[in-house]
Amino acid sequence: MTTNEAAAPGDGTAGPLPFDTSKAHQARIYDYLLGGKDNYAADRAAADAMLELWPDMAFTARANRAFLARAVRYLTAEAGIRQFLDIGTGIPTAGNLHEIAQAIAPETRVVYVDYDPVVLAHARALLDSSEEGATEYIEADLRDTATILDRAASLLDFSKPIAVTMLAILHAMPDADDPHGIVARLMGAVPSGSYLAISHVASDRVDQETHQSIRDSQDGKLQQQYQWRNRDEVGRFFAGLDLVEPGLVLVEEWRPEPGTFSEGMSGAWGAVGRKG
Ligand SMILES: C[S@@+](CC[C@H](N)C(=O)[O-])C[C@H]1O[C@@H](n2cnc3c(N)ncnc32)[C@H](O)[C@@H]1O
């Protein structure tokens, strides 16, 4: 597949997305929700239509980003992780994963993976590693686990624990692409003592009518369709792993920092699990 061909969800193919600003894309919608500037009219229109139906979506994006920071701080400072494989990195923004981890442990190595050409265009911000550590950017589709694992092995030592982080990406993968099988393959490739962190939009946090209206508002306007999942479906990604306290909860409820309080209620589940 060339880089100009689309990887259609569910068709079993995998490859970089085409650069197409006429349709909204989740990396750029997320950037818009976080107040970034790397988005186009189609992204803003799709996000605004969804926000009208689900105003908590903006808080959900911010709460998800804050979960990423707390999970990475936990993994680095408390679990002693020094290697991360971050799939579905998104457009760089304040507090990129390697900056958070290397502020605690400068020797941390981070491999970033995304299939969006806009993320690739900004990848330099992700390669700004500390001198003691290292970062790498791989342009690849999550469905192409063989390529991801092969290329990640040039920076990461797969005989030592690795944290695989997949934050706000799996809802872009329909069941037809077997996302649970993909996560299991990735976790099968890392040794015991490794971790998995996931956040995922929650189908059981909005009523069915709103959920359907959001789907209708997206019809034909997005490069990927969202497949929201409920708490049980998200929990299945952690099969065989031990969930770190407090388990699978709304992202803002996962180890909130003392003295902070939540300004809203998100629609995203989040958890961190350890491979025994
Ligand atoms: C909403 S952003 C999340 C960014 C970051 N992980 C966070 O939580 O703050 C999701 C990212 O996943 C990427 N993505 C979606 N499907 C993907 C796939 N099949 N392969 C690789 N990246 C994918 C998108 O391009 C986008 O940059």
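Q: How do the residues of the shell around the ligand divide into nonpolar, polar and charged?

A: A word on the source comes before the case. This is a predicted model, in which local features need pLDDT of at least 70 and side-chain atom pairs count only at pLDDT 80 or more, while totals for chains, interfaces and linings use all residues. Residues are numbered from 1 along each chain as its sequence is written, and side-chain values use heavy atoms, with hydrogens and water left out. As for classes, Ala, Val, Leu, Ile, Met, Phe, Trp, Tyr, Cys and Pro count as nonpolar, Asp, Glu, Lys and Arg as charged, and the others, Gly among them, as polar. Here the shell around the ligand has 12 nonpolar, 6 polar and 4 charged residues.

Q: Which residues are the closest to the ligand, and how many surround it?

A: A residue is near a molecule if one of its heavy atoms lies within 4 Å of it. In this model 22 residues surround the ligand, and the closest are Tyr30, Arg65, Gly88, Asp114 and Leu142. Helices (H or I, at least four residues) and strands (E, at least two) are DSSP runs, numbered from the N terminus; α1 (26–33) and α3 (56–78) each supply at least two residues of this shell.

Q: Where does the ligand sit among the cavities?

A: On a 1 Å grid over the protein atoms alone, a cavity is a set of points where a 1.4 Å probe fits but cannot get out, and a pocket is an open set with protein on both sides within 12 Å along at least five of seven lines; lining residues have an atom within 4 Å of a point. A molecule sits in one of these if more than half of its atoms lie within 2 Å of its grid points, and the space taken by the ligand is the largest cavity. Grid points are joined across faces, edges and corners, and a volume is the space filled by probe spheres set on the points; this cavity holds about 380 Å³. Its lining has 32 residues, with Gln26, Gly88, Asp114, Ala168 and Ile169 nearest its centre.

Q: What is the volume of the second largest cavity, and which residues lie nearest its centre?

A: The second largest cavity has a volume of about 250 Å³, and of its 17 lining residues, Tyr30, Leu33, Ala168, His171 and Val201 lie nearest the centre. Its lining divides into 11 nonpolar, 6 polar and no charged residues.

Q: Which residues have a positive phi although they are not glycine?

A: Most residues other than glycine have a negative phi, and most peptide bonds are trans. In this model Ala168, in the loop between β4 (163–167) and α7 (179–188), has a phi near 55°, and Arg255 has a positive phi of about 45°. A cis peptide bond, with omega about 10°, joins Glu245 and Pro246.
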